[in-house]
Amino acid sequence: MATVNSVLGPLDTADLGFTLTHEHVVTASAGILQTYPELFGDLDRFKEQAAATLIEARDGGVRTSVDLSTLDLGRDVRLLADLARRTGVNIIAATGIWRDVPRALWNRTPDEIAALFVREIEVGIEGTGIKAGIIKVANDAEGVTREGEVILRAAARAAKATGVRISTHTYAPNRVGEQQIAVFEDEGLDLGRVYIGHSNDTTDLDYLLGLVRKGVWLGLDRHQTSMPIGPDWGGRAETLAHLIKAGVGDRLMVSHDWSVLGVSRTSDPLLSRSYNPDGWLFATRNVYPRLRELGVSQQQIDALNVDNPRRFLGG
Ligand SMILES: [Zn+2]
């Protein structure tokens, strides 16, 4: 039996069900939620909204959410565990580091940082016993920087030591996924354990098919009403349909990258919902009907959120 750590303990990957592979309950910065809670407005109201979002998603068929907020993106594993308990939605928490690599880590070695990730996977996070089930890394428009490379190498070593998968944030217009893969290959990591995220911020099929040929999985994991970069959601659906028709539908996963509470976006963080009234059901309500119009079969659609996440996480 293959298992993955959820915030409430190990889960048989056969039980993951409909899985969103890149979402967030909170996106902020390290310590902000705990130190400056007033930035979030009414925290109790926020927690109710987060629970309501999860319950709505659950009632719409979502069984599992991979929450890719790391320490530097405002991770709060106690909150995730509380929400999972209240709503019945499985939540998988992340170790790793996003784009704000803490300066305190810049001059540490990959092995020193890998040991931190391994401890969060095998022992727990912040003394809670809640274990990470995925390793997050991030490189944006600037590509793989010196400190970003240290994190990638640490993630690869933690993945090799534990078997836990890696999920990346990329800047697809600059083909940053290729740079990440080069580092992972140099570390001798099995690329079948790597998910290159935000790959639908581009429509460049040569780039995307080239990544799949390397052996990685692709996260077509940004779907919202309006997107800050790249094509609109209709353009993203067309790219997805092209990839499925090119025969690589068994390597793709679909999610939203939508944060219930995005503190950096607005003075009223809960307004983020007004940008995306469908929340974590945007793909179910909008993208999948469009894919069917584009000639994608129901079986091919089901693979994106059920079969492929199960195979990627349990492999
Ligand atoms: Zn994200």
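Which residues does valine 306 touch, not counting residues up to four places away in sequence? Valine 306 touches Gly17 and Phe18. The structure described here is a predicted model.

**The open sheet**

- An open sheet is built from 9 strands with parallel pairing, in the order β10-β9-β8-β7-β6-β5-β4-β3-β11.
- The edges of this sheet are β10, residues 252-254, and β11, residues 259-262, each of which pairs on one side only.
- From one strand to the next, the twist averages 30 degrees.
- In general, the strands of a sheet pair through backbone hydrogen bonds, in either a parallel or an antiparallel manner.

**The hairpin**

- Strand β1, residues 3-6, and strand β2, residues 9-12, run antiparallel and are joined by 4 bridges.
- One of the paired positions is asparagine 5, whose bridge partner in β2 is proline 10.
- The two strands β1 and β2 form a hairpin, and 2 residues lie between them.

- The buried residues of α5 are Gly148, Val150, Ile151, Leu152, Arg153, Ala154, Ala155, Ala156, Arg157, Ala158 and Ala159.
- After α5 comes glycine 163, which has a positive phi near 85 degrees.

**The packing of α5 against α6**

- Two packed helices are described by the angle between their axes and by the distance between the axes.
- For α5 and α6, the angle is about 50 degrees and the axes are 9 Å apart.
- The two helices α5 and α6 are therefore oblique to each other.
- The crossing in which α5 passes α6 is right-handed.
- On the α5 side, Glu149, Leu152, Arg153 and Ala156 meet Gln180, Val183 and Phe184 of α6.

**Histidine 24, in a strand**

- Histidine 24 belongs to strand β3, residues 19-27.
- Histidine 24 counts as buried because 22 C-beta neighbours lie inside 10 Å, and the threshold for a buried residue is 20 or more.
- Apart from neighbours within four places in sequence, the contacts of histidine 24 are Asp67, Leu68, Ser69 and Ser259.
- Histidine 24 and alanine 156 are 132 residues apart along the chain, and their C-alpha atoms are separated by 23 Å.

- Valine 306, the subject of the opening question, is located in helix α11, residues 298-314.
- With 18 C-beta neighbours inside 10 Å, valine 306 is classed as partly exposed.
- Valine 306 and valine 62 are 244 residues apart in sequence, whereas the distance between their C-alpha atoms is 9.9 Å.
- Alanine 241 is part of helix α8, residues 233-248.
- Alanine 241 is partly exposed, since 19 other C-beta atoms are within 10 Å.
- Leaving aside neighbours within four places in sequence, alanine 241 is in contact with Leu291, Leu294 and Val296.
- Alanine 241 and aspartate 15 are 226 residues apart along the chain, with a C-alpha separation of 27 Å.

**Loop residues with positive phi**

- Histidine 198 is not a glycine, yet its phi is positive, near 60 degrees.
- The position of histidine 198 is in the loop between β8 (194-196) and α7 (205-214).
- Histidine 198 is buried because 25 other C-beta atoms lie within 10 Å.
- Aspartate 257, although not a glycine, has a positive phi of about 55 degrees.
- The loop between β10 and β11 contains aspartate 257.
- Aspartate 257 is buried, with 22 other C-beta atoms within 10 Å.

Conventions
Residues numbered from 1 in each chain as written. Predicted model: local features only at pLDDT ≥ 70, side-chain atom pairs only at ≥ 80, totals over all residues. Pairing = 2+ DSSP bridges. Axes fitted to C-alpha atoms, helices over the stretch in contact; angles between N-to-C directions. Buried ≥ 20, exposed ≤ 12 C-beta atoms within 10 Å, placed from the backbone. Contact = placed C-beta atoms within 7 Å. Parallel < 35°, antiparallel > 145°, perpendicular 65-115°, else oblique. Left-handed = near helix turned anticlockwise from the far one by under 90°.
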